[in-house]
Amino acid sequence: MMNLALAFMLALDLFAERNNYPTVKKWMMRMVALAFCVLIFFLLDPIHRIADMFRIVLLAFAFHLLVAFSPFTGSDNTQGFWQFNKILFLRFLTSALYSAVLFAGLAIALVAIDGLFAADIRWSTYMIVFAIITAGFNTIFFLSGLPTDIPGLNEDHSYPKGLKIFTQFVLIPLMTIYLAILLVYEIKIIILWQLPKGLVSSLVLGYAVFGILSLLLIYPIKDTAGNGWIKLFSKFFYVMLIPLIILLTLAVSKRVGHYGITESRYIIIVLALWLAAITIYFLFSKKQNIKTIPVSLCLIALLATYGPQSAFSVSKYSQLNRLERMLKSKKPEDLKERPSVIRYLIQAHGLAILQPFVKKDLSEIERKIELKNDYVYKQREDKIDTAMALLKIKDEGTARKSISFTLVNDENEILKVKGYDYAIEMNTYPQPKNFVVNGHKIETNSNNAGNKLTLSVDAIEVLYIDVNKIFKEAIPAFKRDSLKATKNKQEFYYPGKLMQFSKTLAGYEYTVVITSLQQTYYPDDDTEIARNWGDSKSYLLIKKL
């Protein structure tokens, strides 16, 4: 949500600076933008409804486009507009490079500290560093390079040679590859007379993105001497878009005809219409104002976010009508598709969306499910199971359900080594780890494919730990919601004594401590555990007696 607020307020600030608004008016605009983002924060629930995640993405896309043209609204001069966005583009690439190098350096430093001092640095630490760099350093560095003299950009006719090389030798070749693949595929469709596959939509959109980006990057030099190829390329690009738009329309029509409209298909349909309009505009308009591209995309993104014409309203009504028809139908294909439609509606819009089909208060049921358990995946599965039971539908055709969670050692969430002489991290991948302690040859093996931990001393097996057994014993408590969750809500504290194993041999005490264990089980058969465990940690502690 901070990303939305930053982009929106930046766009309004640029607009205010360009129009020389007084300070009071600028702050009023900032407060309006901030209030809007706070309202969105409380209205949207992306954790429980995928549709709200789409809304956030669309709003972010619209606000970032708004930054691109807000200082140039009402102006016909495109030179300043292009120079401004050139600076944004190059600044973005530079900040991304600097941030990547900084993160890589700090990550390597953390790995070194972990290896040299056994600091037990977890994956979450790396993610925190990544978040600080991307949200902090990257943002500040990017914003520090924004131009201050926006009106002066209209007189700037400089053009980086590297940008032309990047366009000519990177973007255009990539676009050509997409075009070649699509043209050959189109010929195949005509010869075999078959409908296109859904994958073709991504390829067509990829061709359009690379092509339009290429044309925007070389726009200022299209009329300079020696660059006549740019005009030819421009006409060629838009002419070749015509058959590809038809191909895109056929591909999405096939999916919509079979499975109705969803948010992703709605977006593809809208983009196909937009591409058709942009193609007509640039082929037949004499003006050809490149600001049309970000302005039109911004308006489309905003219109797709809320209202009866939005992606979510159209998708919701399409799938509800489809479900209503299926519930009345006895056709085998309709019976088979009903569970997937219900699953989609609940994941995208929540359980209450199915209220027209049942008498019970689904909003209240949904509220109780969400209060009962903090584990989001389990909440979603409980909602789906509830809907299936109320509608008397058997979910036989969908993929097998599985639930993953992590057990955290409540005594050794941070490894305690007091009283031991040696602490050694065991491998989390299926490969033995060998070392010598006071003349004794020790081998540890974390075989996640076999779901076991083993310890051998001088070729004698000292400990054999069945990881599956630990996890199976935790499942009943997990299902009863009696395990205390950690801060991330998908990890649960588990008694340390059940995750620690010791054995004495030849004057030494060997202790294997599992600090965290991630695993998956299948609700339809609690005895069956996934073949491999996930991101887990275990250590060998050695003490001389």
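Author: In this predicted model, a search of the whole structure finds two cavities of 30 Å³ or more. The second largest cavity holds about 40 Å³ of space. Its lining consists of I47, H48, I346, Q347, V376, Q379, R380 and K383. Two elements, α12 (332-349) and α14 (376-391), each give two or more residues to that lining. The most comes from α14, which supplies four residues. By class, the residues around the second largest cavity divide into three nonpolar, three polar and two charged.

The two helices named here also meet each other. The axes of α12 and α14 come within 10 Å and cross at roughly 135 degrees. The crossing in which α12 passes α14 is right-handed. On the α12 side, the contact is made by P339, I342, R343, I346 and Q347. On the α14 side, R380, E381, K383, I384, A387, M388 and L391 take part. Sorted by class, the contact of α12 with α14 has seven nonpolar, one polar and four charged residues.

The largest pocket contains about 1,600 Å³ of space. Its lining is made up of 45 residues, and F61, H64, L65, A68 and N85 are the ones that lie nearest its centre. The elements giving two or more residues to the lining of this pocket are α1 (2-18), α3 (50-69), α4 (78-117), α5 (123-144), α7 (200-217), α9 (263-284) and α10 (292-303). Among these helices, α4 has the largest share of the lining, nine residues. By class, the lining of the largest pocket has 38 nonpolar, six polar and one charged residues, whereas the lining of the second largest cavity has three nonpolar, three polar and two charged.

Technical notes. Residues numbered from 1 in each chain as written. Predicted model: local features only at pLDDT ≥ 70, side-chain atom pairs only at ≥ 80, totals over all residues. Heavy atoms only, no water. 1 Å grid on protein atoms, 1.4 Å probe; cavity = no way out; pocket = protein on both sides within 12 Å on 5 of 7 lines; lining within 4 Å. Points joined across faces, edges and corners; volume = space filled by probe spheres on them. Nonpolar A, V, L, I, M, F, W, Y, C, P; charged D, E, K, R; others polar. Axes fitted to C-alpha atoms, helices over the stretch in contact; angles between N-to-C directions. Left-handed = near helix turned anticlockwise from the far one by under 90°. Contact = heavy atoms within 4.5 Å.
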